[in-house]
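Please look through the sequence and the model below before reading on.

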Amino acid sequence: MAKIIVITSGKGGVGKTTTSAAFGTGLALKGHKTVLIDFDVGLRNLDLIMGCERRVVYDFINVIQGEATVQQALIKDKRVENLFILAASQTRDKDALNQEGVGRVLEQLAKDFEYIICDSPAGIEKGAHLAMYYADEAMVVTNPEVSSVRDSDRVLGILASKTKRAEENKEPIKERLILSRYSPDRVARGEMLSVEDVQEILSIDLLGVIPESQAVLNASNSGEPVILHEDSEAGQAYRDLVDRYLGVDVPHRFVDPKKPGFFSRLFGGN
Amino acid sequence: MGLFDYFRKPEKSSANLAKERLQVIVAHQRRDNADGPDYLPQLQRELLYVIRKYVEVDDDAVNVQLEKDGNVEVLELNVTLPDRKPEALDAD
Ligand SMILES: Nc1ncnc2c1ncn2[C@@H]1O[C@H](COP(=O)(O)OP(=O)(O)O)[C@@H](O)[C@H]1O
Ligand SMILES: [Mg+2]
């Protein structure tokens, strides 16, 4: 049975697309057949992050409207086995996505894939709603920052009430927190909400902490999911996150300030 | 936390401030989200608006809840008035 996982957040620019690309690629690297779907109609960018923008012929909307088959629209990743991308369309027609059509495409993909990763657009409008509607699980990407945490909490409320599982009184969507763009040094200085703060407020399981990392920009410059940059902290944090998701007990790294010496610890320097 | 931190003024860090604000925001949001019908938050805001024409009350002075008891639904409305008796009540 395929698992449908939505990567959501409410707020824009927190790292949903970065996470979708890294997480999906990570699952595929572990041998799981995975498809990434971009729900950000009109502002697609998953194809850019995955570096397949020039290979998009047909998109999600084309499939929904019957202008192409799923097979025609799926883009097979050139680096990683078992990994496919379904691009969003650049059309400006907001009504191009509809619940019935999305359901049909997901059902078809579910026959072929183990994991279906839905990269949600920002906001709580139609696109975001449809990205989460059919989900079995949700990854709520949050930055340690007031507006992001508030939006995440709103999204949790919507996940619990406006989704298929909620409407049909099925087992609720499994929600997990991904805390991204984390700066342990700033947390230590009391300038940034800590993992514990955010977890306490949102009270959902923590799947991973992704540090603020220059590697993310470098990776997006070259159209590679950052998880393929194995020497980077963000890449390693995403690898840990995938392992943890798959049930391996991996401790959280990159949550403490970088190895303070004995004296700086004693005298509170930073 | 270093040794010297313990001697610093126990001044609130900005992260602490963020956390306290969030606790309030989230509590409100969850109350708004609670199972009730979609119109409840708006009803609550409008009631607050009307009440404020007459009495100065806090942002969270109005609480609206829908209670279900078998087949009966009861709309429960709670308004917390400020301690001192406001003059505005006597007017009109
Ligand atoms: N861990 C990180 N460290 C540094 N920059 C990041 C990190 N995650 C995301 N970014 C940057 O933040 C911006 C928004 O990321 P993106 O994944 O597109 O967010 P969203 O899809 O939520 O809008 C991008 O410029 C990206 O490079
Ligand atoms: Mg995005």
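This is a predicted model: local features need pLDDT of at least 70, side-chain atom pairs count only at pLDDT 80 or more; totals for chains, interfaces and linings use all residues.

Residues are numbered from 1 along each chain as its sequence is written, chains are lettered from A and ligands numbered from 1 in the order in which they are written, and side-chain values use heavy atoms, with hydrogens and water left out.

Start with strand E5 of chain A, residues 115-119. Helices (H or I, at least four residues) and strands (E, at least two) are DSSP runs, numbered from the N terminus. Five of the five residues of E5(A) are buried, where buried means under 20% relative accessible area, exposed over 50% and partly exposed in between (1.4 Å probe, protein chains only). Tyr115(A), Ile117(A) and Asp119(A) cover one side of the strand, and Ile116(A) and Cys118(A) the other. In a regular strand the side chains alternate between the two faces of the sheet.

E5(A) has parallel partners. Strand E1(A), residues 3-8, is joined to E5(A) by five bridges; strands count as paired if DSSP finds at least two bridges between them. In this pairing Lys3(A) stands opposite Tyr115(A). Strand E2(A) also pairs with E5(A) in the parallel sense, over five bridges, and here Ile37(A) is opposite Cys118(A).

E2(A), residues 34-38, leads on to strand E4(A), with which it forms four bridges in the parallel sense. Ile37(A) stands opposite Leu86(A) in E4(A). In E4(A), residues 83-86, Leu83(A) and Ile85(A) point one way and Phe84(A) and Leu86(A) the other, and all are buried. E4(A) also runs antiparallel to strand E3(A), residues 75-76, with two bridges between them. The bridge partner of Phe84(A) there is Lys76(A). Six residues lie between the strands of this hairpin, and Asn82(A) has a positive phi near 70 degrees.

Now turn to the rings. A pair of aromatic rings is described by the distance of the centres and the angle of the planes. Over all chains the structure holds five aromatic pairs. Rings of Phe, Tyr and Trp (its six-membered ring) pair if their centres lie within 6.5 Å; planes under 30 degrees apart count as stacked, over 60 as edge-to-face and the rest as tilted. Phe23(A) and Tyr245(A) are edge-to-face, because their planes are at 90 degrees, with the centres 5.1 Å apart. Phe23(A) lies in helix H1(A) and Tyr245(A) in helix H12(A), so this pair ties together parts 222 residues apart in sequence. Both residues are buried.

Phe84(A) and Phe113(A) also form an edge-to-face pair, with centres 5.5 Å apart and planes at 75 degrees. The pair links E4(A) to the loop between helix H5(A) and E5(A), 29 residues apart. Phe84(A) and Phe113(A) are buried. The charged end of Lys33(A) sits over the ring of Phe113(A), 4.9 Å from its centre (NZ of Lys or CZ of Arg within 6 Å of the ring centre and within 35 degrees of the ring normal).

Finally, in chain B, Tyr49(B) is found in helix H2(B), residues 40-54. Tyr49(B) is exposed, because its relative accessible area is 58%.
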